[in-house]
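Subject: Structure for your reading

Dear colleague,

Please find the structure below, followed by an account of what was found in it. I would be grateful if you would read the account with the model open beside it.

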Amino acid sequence: MALLEVTGLEFQYPGGSPALSGVSFAVERGERVALLGPTGSGKSTVLQHLNGLLVQAAGSVKVDGVLVGPDTAREVRRKVGLVFQDPNDQLFLPTLMEDIAFGPLNAGTPPAEARQLAEGILDELGLHHVGGRAAHHLSGGERRLAALATVLVSRPELLVLDEPTGDLDARSRQRLVRLLRRREETLLVATHDLEVASALCERGIVLYGGAVAADRPLGDLLADLPFLERHGLAAPLTE
């Protein structure tokens, strides 16, 4: 049984055209998959269905065999760690330490243990020196890592990232990629950046116009330049 199964997913925002049209794919445990596509292709919309933030018009999402829905959202969110495109959506408390401890506390972890978990993930990500700061006092790279820390502290089985390097400078981008390459979680990365995708993933799923246009080994996709161009993707630069 796949860790994630998306079947015939359809969704339409109020007053808009269909955002997703019959999206289907599966992610096995241990896989590292890139969800690719240009802006507006439906990547973020798919991700928000994986832990019940959006409710589909048709189709289904299963996580570890559990059908995602209002009655199972809490259970599913313990397995699916979603890092939003904008770190500010996850950093809202007076200090970073409090932001990271929030998830364990909300799950019923005693305060002393929640703080210990937060301190551990701060150390792991090299952020202990900024644990007492507010998010708006962090650099862009630190905020991106901090948002990731709020998810990793709960040890999800599936780590889901929405455009994780979109606003980072080259140094911060490389640091985040190196960190993610060391992680053991099953990984689903939504991005339009094929260079980042190729550094992290072995398989690519291309969304275009809210539908799956391809699901292939990433190396095959990167070699198919006409396909990439037709679907709004730019191949990584080469010398």
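The largest cavity has a volume of about 40 Å³, the volume being the space filled by probe spheres set on grid points that are joined across faces, edges and corners. A cavity here is a set of points, on a 1 Å grid over the protein atoms alone, where a 1.4 Å probe fits but cannot get out. Searching the whole structure gives one cavity of 30 Å³ or more. Its lining residues, which have an atom within 4 Å of a point, are Val-83, Arg-144, Leu-148, Leu-161, Pro-164, Leu-176 and Leu-180. Six of the lining residues are nonpolar, none is polar and one is charged. In this scheme Ala, Val, Leu, Ile, Met, Phe, Trp, Tyr, Cys and Pro count as nonpolar, Asp, Glu, Lys and Arg as charged, and the others, Gly among them, as polar. At least two lining residues come from each of α5 and α6.

Please note that this is a predicted model, in which local features need pLDDT of at least 70 and side-chain atom pairs pLDDT 80 or more, while totals for chains, interfaces and linings use all residues. Residues are numbered from 1 along each chain as its sequence is written, and side-chain values use heavy atoms, without hydrogens and water.

Helices (H or I, at least four residues) and strands (E, at least two) are DSSP runs, numbered from the N terminus. Helix α6 (170–182) has 13 residues and reaches 19 Å from its first C-alpha to its last, close to the 18 Å expected at 1.5 Å a residue; the expected span is 1.5 Å times one less than the number of residues. Which residues of α6 are buried? They are Leu-176, Val-177, Leu-179 and Leu-180. Seen down the axis of α6, these buried residues fall within an arc of 160°, so they line one face of the helix; the arc is that of the directions from the helix axis to the C-beta atoms. Ala-170, Arg-171, Arg-181 and Arg-182, on the other side of α6, are exposed. Buried means under 20% relative accessible area, exposed over 50%, and partly exposed in between (1.4 Å probe, protein chains only).

Finally, Arg-155 has a positive phi of about 50° although it is not a glycine. Arg-155 lies in the loop between α5 (140–152) and β7 (158–162) and is partly exposed, at 48% relative accessibility.

Yours sincerely

Notes
On a 1 Å grid over the protein atoms alone, a cavity is a set of points where a 1.4 Å probe fits but cannot get out, and a pocket is an open set with protein on both sides within 12 Å along at least five of seven lines; lining residues have an atom within 4 Å of a point.
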